[in-house]
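Colleague: Could you walk me through this model when you have a minute? I would like to start with whatever you would look at yourself.

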Amino acid sequence: MSFNSLDLAFSDDALHRYSRHILLPEVGASGQATLRDSSVLIIGAGGLGSPVALYLAAAGIGRIGIVDNDNVELSNLQRQIIFGTNDVGHGKAERAGSRLAVLNPEIEIVTHSLRVGSENLPSLVSTYDLVCDGSDNFATRYAVADSCWASGKTLVSGAVQRFEGTVSTFAPATGGPCYRCLYSDADENEALSCGQAGIFGAVTGVIGTLMATEALKEILSLGRGLSGRVLVWNALDAVFRSFDLPVDPECSCCSRGKV
Ligand SMILES: [Zn+2]
């Protein structure tokens, strides 16, 4: 993010589009310019990635990358609200990008139709300011988290299953905790797939929208973020809880070499 030389000049259309942001003293024109000069990489155009992408595009994030290697399936439409029935059978990244371009033609959308792993993530992550991970398996999540930590990029991570979801933020600038402090011993082959456990569709909307909110807060340095905390929401109880996440002194990622 280039905070040094923010260009506060907006077109009349942009002033109109973002007027409800600009009205907020905590955002204002300078905050909106910061959003315009920022970039976010979204891992997974699924149930979480859909609201993340829609809200970040609507908010005016200047460059949004979307990573997904799958095609849209009919069973996705119960929760992956960025897609329509006409998108079934087509590539998720490309169709999500088309939807975002309609929503906000003033921003740049970059689609990455590829499967991410430790071999291609470092170069990808390095070209964005912040990463939102809504992927559905631990192998991808570990690879994303490790790449973000190594490159100093803040990661906003969300997960859902059945009627519950969690959100947390991992900010290398704070020194920890990191994603592996939260999930130190998960089986990398373990899936978080909605296809196996089921998912109440609207839960992904709540958690994805929380992820978008936290990403915007991080970029704007607003309020209290979720670094060092995990927010848990249970839809059946209609209760939010948060708990502190300490640094694991044995963590193989953020504590390596420090103990
Ligand atoms: Zn750690």
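Modeller: I would start with two cysteines, Cys 251 and Cys 254, both of which are buried, where buried means under 20% relative accessible area, exposed over 50% and partly exposed in between, with a 1.4 Å probe and protein chains only. Before going on, please keep in mind that this is a predicted model, in which local features need pLDDT of at least 70, side-chain atom pairs count only at pLDDT 80 or more, and totals for chains, interfaces and linings use all residues. Residues are numbered from 1 along each chain as its sequence is written, and side-chain values use heavy atoms, with hydrogens and water left out.

Colleague: Fine, and which atoms coordinate the zinc ion?

Modeller: The SG atoms of Cys 178, Cys 181, Cys 251 and Cys 254 coordinate the zinc ion at 2.3 Å; donors here are N, O and S atoms within 2.8 Å of the metal (3.2 Å for Na, K and Ca), and since water is not among the atoms, sites may look incomplete. Along the chain, these donors follow the spacing C-x2-C-x69-C-x2-C.

Colleague: Why is the arrangement called tetrahedral?

Modeller: Because the four donor atoms subtend angles of 94 to 126° around the zinc ion, and four donors count as tetrahedral if all angles lie between 85 and 135 degrees.

Colleague: What does Ser 255 reach with its side chain?

Modeller: The side chain of Ser 255 reaches the backbone oxygen of Asp 248 at 2.8 Å, a polar contact being a pair of N or O atoms within 3.5 Å where, within protein, one must be able to donate a hydrogen and the other to accept it, and residues adjacent in sequence count only if both atoms are side-chain atoms. Ser 255 counts as buried because its relative accessibility is 6%, and its place is in the segment after strand S8 (239–244); helices (H or I, at least four residues) and strands (E, at least two) are DSSP runs, numbered from the N terminus.

Colleague: Changing topic, how many cavities of 30 Å³ or more are there?

Modeller: There is one cavity of 30 Å³ or more, and the largest cavity has a volume of about 60 Å³. On a 1 Å grid over the protein atoms alone, a cavity is a set of points where a 1.4 Å probe fits but cannot get out, and lining residues have an atom within 4 Å of a point; grid points are joined across faces, edges and corners, and a volume is the space filled by probe spheres set on the points.

Colleague: And which element gives the most to its lining?

Modeller: Strand S6 does, with four residues. The residues lining the largest cavity include Arg 141, Ser 157, Phe 170 and Tyr 179. Of these, Ser 157 lies in strand S5 and is buried, with a relative accessible area of 6%.

Colleague: Last one: is helix H4 mostly covered or open?

Modeller: Mostly covered, since nine of the eleven residues of helix H4 (residues 49–59) are buried, among them Pro 51, Val 52 and Leu 56.

Terms used:
Tetrahedral: all angles 85-135°; square planar, octahedral: opposite > 155°, others 65-115°. 1 Å grid on protein atoms, 1.4 Å probe; cavity = no way out; pocket = protein on both sides within 12 Å on 5 of 7 lines; lining within 4 Å.
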